[in-house]
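Hello,

Here is the structure I promised to pass on. Please open it first, then read my notes below.

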Amino acid sequence: MPLATPLAVEFDNVTRHFGPAGAPVRAVDGVSVGITEGCFFAMLGPSGSGKTTCLRLISGFERPTSGHIRIFGQNSEAIPPNRRPVNTVFQDYALFPHLTVRDNVAYGPRMAGVDRRTRHAAAEEMLALVKLSGYGDRKPAALSGGQRQRVALARALVNRPRVLLLDEPLGALDLKLREAMQEELKSLQQSLGITFVFVTHDQGEALSMADRVAVFNDGKIVQEGTPQDIYERPRTRFVADFVGSANVLSPELSARAGGPARWTSLRGEAVALTAPGAGRITGTVRSLRYMGAVTRVTVATPGGDLTATVPAALPLPAQGATVGLHWPADALHEMEGGA
Amino acid sequence: MTDTAQAPATGPLARLSDQFWRRPRLLLVLLLALPLLWLGLIYIGSLAALLAQSFFSIDEFSGLINREVTLRTYGELLRPANFDIILRTVLMAAAVTIAAAIIAFPIAYYAARHARGRMKAAFYLAVMLPLWSSYLVKVYAWKLILAKEGILTWAVEGLGASTILNAILALPVIGGNSLSVSYIGTFLVFLYVWLPFMILPLQASLERVPGNLLEASDDLGATPGQTFRHVILPLAMPGLIAGSIFTFSLTLGDYIIPQIVGNSSRFIGMAVYQHQGTAGNIPLAAAFAVVPIVIMGLYLWMARRRGAFDAL
Ligand SMILES: Nc1ncnc2c1ncn2[C@@H]1O[C@H](COP(=O)(O)OP(=O)(O)O)[C@@H](O)[C@H]1O
Ligand SMILES: [Mg+2]
């Protein structure tokens, strides 16, 4: 069966349980997903939702309790981690403290039997790629967090992996550095054409970097799709809450505002402030959060709080003022189930 | 001064504590004074006295110490009879250290990386328990175990392996009439007595190797053997060096085990004991005592040059 785009990694109903068989921790619970080759794939979810375990299943440090993982179409069960075409950027970098930066980067080629000159040249090339030329003789302890992160990246990339696994690689960096690294990682992925599987609990990071996002909760993928899908059409309340982009309306509130009597989501940007009584619903301004380009105005309505995102150019109401809220009928997005 | 915000220091103790808070160095000096005095005067001082003694010589006719600085006593160390003692001791210490490292590594690795809870407690107990009984009792117990009529011979006969034991005892130099009067016996007892001093530092250093480094090595394509050579061993090196300092120097300095178990050839410790006692040749005893110090110094210097402490 020829596929249009080959799958780099495929989870086929994969489960990974820890602890006693009677009362197991279901770290990964029936995950099925395909990651296409050359894709920037983000695994997004709160801490403890099973993202790291999924990554470790791909790298081979965990084995599925049931189900199968195929890497480039090949069943991976019998292949140990050191022989998978996969490399990992570890959450805390895991650089070898006794080796110089150059020897850290050249570690993979050295294990593969590449001679010293060739592997050092490859290491220098990779260090240049991550903008660390000239740092080869240092020990990891003499680097900043951001530099260590780059060394970890170079150490993985020098092996020319077909899939690169990154476990919250930017988690330990400060905001400015994190944003710079996000862009660099994204452009690196595009220029190298390697499949990236990127774990994060930061929804902004996932949405801005990834081609596809899988949202995890309790060991399950609750939604998988493009960032637009996830952001604009959250499938469940959990996704809407976690991605944080949208208001979640209870069936009562939705019906009161003229929508379907279902759980619905409503993006803040779609909500406009009007005079009291002129909109779909009326309430009092509970709080204003100034965010630069926009201000998030939270309004207490009889059915619950709603947040409107108001562009900086528009006038703002005072706290405690009574306002109306209006939105286009098609901005209301129905979600599945009650949970 | 009726309503001050802070209560003034009351009592001498409170004032003293305030003083210490204002001058942290004062506290440091007071705390370190006694141990430094001990280390500086008693320990380093006696070592210096020892070193000085080794540069004196003994008048062969009168038996009196000649307090002129000379290298003659060191020259005596090179006489075949004395040099053999040094060589024998160093070879024994090296053999004990290497064997201890080989035996200790898997035990320490298991304890550091796999044992949990009860197993870990059992490990510590098993390693420490022999240290609780007297050293002399253990050595004499081993003499009985290794003796010709001892339990080991009996067990080996029971297993029908006497030929193997006899073949081992027939080995030149290290063999002998029975294990208790051979170099092999001395070696086994040294190994038994000093093994905990290798296991414990090794276990501590292996415990500090983060598990994710082993995973990183695996992830980068290393086989288990390569991970051992390139990650585990270098990171365990400080523990291995610490352990080998113990086993090596304890063997170099011991004068009891070779007296009780072995073929009564002399080791450095015994030579020191005899020269400062019955023979009354304090300078030669001192020169002998300097040998282990020099050897350990050389050993550490070499280990350092080979990068053994890079992981510290
Ligand atoms: N080795 C393990 N033993 C027991 N429980 C584990 C183990 N690894 C992960 N878990 C549990 O599995 C769940 C998912 O963990 P993880 O995959 O690390 O989540 P995430 O990376 O999303 O934070 C957590 O409840 C965690 O406690
Ligand atoms: Mg994690």
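**Salt bridges and the main pocket**

A:Glu62 and A:Arg16 are both buried. Keep in mind that this is a predicted model. The two residues form a salt bridge, with 3.0 Å between the closest N and O atoms. A:Arg16 sits in strand β1 of chain A and A:Glu62 in the loop between α1 (51-59) and β4, so the pair ties together parts that are 46 residues apart in sequence.

A:Arg70 pairs with A:Asp12, at 3.1 Å between the closest N and O atoms. A:Asp12 is partly exposed, at 31% relative accessibility. Over all chains, the search finds 23 salt bridges.

Now the largest pocket. It holds about 850 Å³ of space. Its lining has 32 residues; B:Pro234, B:Met237, B:Arg306, B:Gly307 and B:Ala308 lie nearest the centre. Two or more lining residues come from each of α4 (116-129) of chain A and α4 (80-113), α11 (224-253) and α14 (282-305) of chain B. The most come from α11(B), which gives 9. By type, the lining has 17 nonpolar, 7 polar and 8 charged residues.

Best wishes

Technical notes
Residues numbered from 1 in each chain as written. Chains lettered and ligands numbered in written order. Predicted model: local features only at pLDDT ≥ 70, side-chain atom pairs only at ≥ 80, totals over all residues. Heavy atoms only, no water. 1 Å grid on protein atoms, 1.4 Å probe; cavity = no way out; pocket = protein on both sides within 12 Å on 5 of 7 lines; lining within 4 Å. Points joined across faces, edges and corners; volume = space filled by probe spheres on them. Helix = DSSP H or I, 4+ residues; strand = E, 2+ residues; numbered from the N terminus. Nonpolar A, V, L, I, M, F, W, Y, C, P; charged D, E, K, R; others polar. Salt bridge = Lys/Arg side-chain N within 4 Å of Asp/Glu carboxyl O. Buried < 20%, exposed > 50% of the residue type's maximum accessible area, 1.4 Å probe, protein only.
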